[in-house]
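Here is a friendly note to go with your first look at this structure. Please keep the view open while you read.

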Amino acid sequence: MNQIFQYSRLALVLLSVMAGIVMSCARKQPEDVPLTFAFVPGVADPFYYAMERGARQMAEALGITFIVSDYPATWGPRTQISVLDTLAAREKIDAILIAPTSVDALTAPLKAFATRGIPIITVDTFLGDGDYSKSADYAFPLSYIGTDNELGGKKIAENLARLLGESGKVYVNTTNADVSSVEGRVKGFLAGIAEFPNMEVVKVDYCLDVQDVARAQTLHALQTNPDIVGVFGTNVFSAQGAYQAVVETGLTGAVKIAAWDATPDLIGALRDGHVDLVLAQKPAEMGALAVEWAHKYITHQAPVPKKIISGFEFFTLDNVNEPAMQQFVYQ
Ligand code: T6T
């Protein structure tokens with residue numbers, strides 16, 4: 001009787017072990033649940049749409065669920081802070097890829113995610129001075145992935161100087177003073193022009209990322225400084241507004257224009273002779289790299305370089321129709 005009791009107890013234990021095995025096979029293990037990455041762009045423009053495409057393609061290839069916050073209609077930290085509040089309330093976020101619209105204002109909300117163990121990669125723009133390996137305050141992002149904006153600004157200055165015979169007054173239209181990307185471009189440009197003794201930067205205007213303001217500011221600069229011979233527009237909105245002003249004043253050709261960002265509009269303007277030089281960043285590559293590195297970090301604990309620099313290309317009238325260049329247009 002005792003033996004029968006022991007056998008049936010053993011059978012029960014075996015049954016429950018087998019049931020457990022069957023159930024645990026059916027239940028999804030944590031590693032089977034797809035990772036979820038969130039992309040927070042800076043503003044609605046062709047540059048960030050191209051970045052989203054690159055990031056999304058990489059996410060699809062790696063089986064990652066990819067969510068994109070609403071594209072802010074205007075530039076600035078306020079919208080991004082409320083986007084981050086919404087993301088913070090989500091149950092599952094495994095990494096955030098963000099283009100911070102200010103060097104400071106996004107630091108606290110992003111640090112809160114990092115404290116929860118959610119990796120942050122800043123794409124296109126950075127926090128603080130961008131050296132995440134140095135300062136304790138800014139050590140929390142995994143990486144900055146983007147253009148060397150200072151180098152690009154310097155190259156623009158050299159190319160514009162060459163177009164102008166290394167002499168004359170030039171004007172800069174840019175967007176905001178607390179944004180790492182455009183500030184780097186202005187810094188590099190000023191340093192580049194300073195190497196030409198017969199050149200001078202007459203003014204730097206801030207359009208706050210509003211194309212019509214860039215247009216009005218450029219019109220005003222051209223009227224008050226009739227000896228301006230060159231213009232640098234530091235991003236989509238500055239460059240598009242600046243070239244429109246030059247066209248409106250009938251100064252096309254007399255005033256050379258260097259534009260940053262290869263939108264279809266600016267590439268069309270180059271073909272039409274309204275713009276002389278266009279710098280193309282590599283937004284799709286930035287997005288793809290950010291997804292790839294965050295994934296490597298999460299799945300293999302791979303050490304991520306604190307800075308990853310994607311390159312840039314120059315469009316001129318000579319190469320704008322070359323088939324190999326078309327991949328660099330933001331579309
Ligand atoms: O130039 C890009 C980006 O690199 C910059 O940080 C902000 O402006 C753009 O998005 C173009 O509008």
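Predicted model: local features only at pLDDT ≥ 70, side-chain atom pairs only at ≥ 80, totals over all residues.

1. Residues are numbered from 1 along each chain as its sequence is written, and side-chain values use heavy atoms, without hydrogens and water.

2. Start with the neighbours. There are 13 residues around the ligand, and Asp45, Asp124, Ser181, Arg185 and Asp261 come nearest (a residue is near if one of its heavy atoms lies within 4 Å). By class, five are nonpolar, four polar and four charged; here Asp, Glu, Lys and Arg count as charged, Ala, Val, Leu, Ile, Met, Phe, Trp, Tyr, Cys and Pro as nonpolar, and the others, Gly among them, as polar.

3. Next, look at individual atoms. A polar side-chain atom of Asp45 sits 2.5 Å from a ligand oxygen. For Ser181, the distance from a side-chain N or O atom to an oxygen of the ligand is 2.6 Å, and for Arg185 it is 2.7 Å. Overall, the protein covers 99% of the 300 Å² of accessible area that the ligand has on its own (Shrake-Rupley method, 1.4 Å probe).

4. Finally, zoom out to the domains. Domain 1 (31–147 + 282–311) and domain 2 (149–281 + 316–328) each give at least three residues to the shell around the ligand; the bounds come from an automatic or database domain assignment.

Note on methods
Polar contact = N/O pair within 3.5 Å; in protein donor to acceptor, adjacent residues only side chain to side chain.
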